[in-house]
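Here is a short briefing on pockets and aromatic pairs. Keep the sequence and the 3D view open as you read.

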Amino acid sequence: MTTITDPPKESFRLSMLIYDTRYRSMTIQVVALLGFMAVFAWLIGNTAQNLSDLGKEPSFTYLNDSAGYDINQRLIDYTSRDSHWRAAGVGLLNTLLIAFLGCITATIIGVFVGILRLSNNWIVSKIMTVYVETFRNVPVLLWIVFTMAIMIETLPQPNDFRGDNATASMILNDTVAITNRGIYMPEPLFSRSLGDVSVFGFLNISLNLVLIAAVLIAGIVASKKIKERANRIQEATGIRPTTWYLRLGAVLLPVTIVLVALGFHLGYPALKGFNFQGGTHLRNSLLALWIALSLYTAAFIAEIVRSGIMSVSKGQSEAAEALGMSSRRTMSLVILPQAMRVIIPPMISNYLNLTKNSSLAIAVGYMDITATLGGITMNQTGRELESILLLMLIYLTISLSISAVMNWYNNSVKLVER
């Protein structure tokens with residue numbers, strides 16, 4: 001009779017870190033990490049020593065100094081006497097504004113063009129092809145400058161709106177003026193305003209807008225509950241109740257009541273002196289950058305949408321048609337939901353590209369974070385290293401935030417397989 005016993009365990013020896021395949025990869029990774037940290041520490045120390053020899057010890061206290069320059073397009077109050085911190089904040093908000101607006105319009109245009117590229121109409125399909133190939137094969141900087149030039153050269157000057165023989169006129173019942181200096185539109189005002197609240201002493205948030213947004217979100221949630229109730233009734237009885245007026249009222253009625261309570265009214269722009277006064281002014285630099293980035297990015301999104309739709313089996317659309325579904329409902333209820341798992345990942349890259357391409361705004365005089373912190377502030381203070389490091393950190397944070405949000409959305413809509 002024989003007895004089977006476990007083999008004796010081999011004791012650990014230092015030579016195993018090199019000759020034993022179980023430990024060798026870990027040894028290489030640790031050595032590579034230590035080498036990288038040593039090189040990085042040498043670079044930091046060498047840079048700090050060189051700056052110290054030049055009398056420019058690394059410091060961020062210069063951001064507390066007065067900026068001394070104006071910013072033409074801004075979302076918060078700012079004067080040239082404010083600090084470089086506030087100037088950088090105004091530029092950051094301008095960057096976030098153009099990124100937000102650009103992603104929305106580029107998505108709408110891209111989806112529309114991508115679907116039309118698959119149209120059976122030969123002319124429509126070829127026109128969309130020309131649009132896509134034209135925009136994506138010309139550098140975005142040229143499109144930005146070209147759009148700005150068109151706006152300056154073709155739109156009327158404010159003086160053209162003056163006099164009895166004016167060659168230009170305001171639109172939408174004399175409430176909106178489109179000029180070569182930008183668009184002047186009505187401004188929302190509140191006669192019984194709740195005031196503002198300061199956040200970290202930097203950003204003033206309107207309590208009116210907070211209240212309206214809260215009521216609007218509550219209305220959307222209520223509308224969703226009404227839809228879920230209608231779905232349950234349909235599943236139980238086979239008859240779907242009419243709910244569109246209830247859902248519309250749940251969203252619009254509470255917001256209307258809040259607006260009336262706050263004394264909402266509009267402040268209209270008027271031609272005074274050499275320019276329009278009052279209302280909200282969207283400068284042509286913002287509009288040119290917004291239009292150019294949207295059209296340029298939409299050309300890439302259109303190709304993503306087209307490839308995503310083509311990835312869905314043709315049998316899916318044929319089955320939907322066999323059930324009597326219209327082409328519009330087939331696209332919205334059958335094709336696009338399945339194509340989203342292919343569309344969303346490359347769409348994230350295009351949103352990131354649009355955000356980073358907004359740094360070209362300085363070409364048309366739009367004061368974003370690159371123009372303020374990485375431009376005027378850096379040149380005035382001579383703090384190149386600190387300004388560029390802050391700029392890189394800000395863009396990295398924005399990009400990672402966009403990626404996190406889109407990845408969350410991608411996980412929420414992807415198909416769940418058993």
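Partly exposed means a relative accessible area between the buried limit, under 20%, and the exposed limit, over 50%. This is a predicted model.

**Aromatic pairs**

- The whole structure holds 9 aromatic pairs. One of them joins W143 and F146, and the pair is edge-to-face. Their centres are 6.1 Å apart, with 75° between the planes.
- W143 and F146 both sit in helix α5, residues 140–154. They are 3 residues apart, so about one helical turn separates them.
- F146 is partly exposed, because its relative accessible area of 45% falls between 20% and 50%. W143 has a relative accessible area of 13% and is buried.
- F190 and F264 make a tilted pair.
- F190 belongs to strand β3 and F264 to strand β6, residues 264–267. The pair therefore ties together parts that lie 74 residues apart in sequence.
- F264 is partly exposed, with a relative accessible area of 36%.

**Aromatic cluster**

- Which residues form one aromatic cluster with W143 and F146? Y131 and F135 do.

**Largest pocket**

- By class, the lining of the largest pocket splits into 14 nonpolar, 9 polar and 6 charged residues.

**Second largest pocket**

- The second largest pocket has about 600 Å³ of space.
- Here 17 residues make up the lining. L118, I309, S317, M331 and I335 lie nearest the centre of the second largest pocket.
- Helices α8 (284–310), α9 (314–322) and α10 (327–357) each give at least two residues to this lining.
- Which element supplies the largest share of the lining of the second largest pocket? It is α10, with 5 residues.
- The lining of the second largest pocket has 7 nonpolar, 6 polar and 4 charged residues.

Definitions and conventions:
Residues are numbered from 1 along each chain as its sequence is written. This is a predicted model: local features need pLDDT of at least 70, side-chain atom pairs count only at pLDDT 80 or more; totals for chains, interfaces and linings use all residues. Side-chain values use heavy atoms; hydrogens and water are left out. Ala, Val, Leu, Ile, Met, Phe, Trp, Tyr, Cys and Pro count as nonpolar, Asp, Glu, Lys and Arg as charged, and the others, Gly among them, as polar. On a 1 Å grid over the protein atoms alone, a cavity is a set of points where a 1.4 Å probe fits but cannot get out, and a pocket is an open set with protein on both sides within 12 Å along at least five of seven lines; lining residues have an atom within 4 Å of a point. Grid points are joined across faces, edges and corners, and a volume is the space filled by probe spheres set on the points. Helices (H or I, at least four residues) and strands (E, at least two) are DSSP runs, numbered from the N terminus. Rings of Phe, Tyr and Trp (its six-membered ring) pair if their centres lie within 6.5 Å; planes under 30 degrees apart count as stacked, over 60 as edge-to-face and the rest as tilted. Buried means under 20% relative accessible area, exposed over 50%, partly exposed in between (1.4 Å probe, protein chains only).
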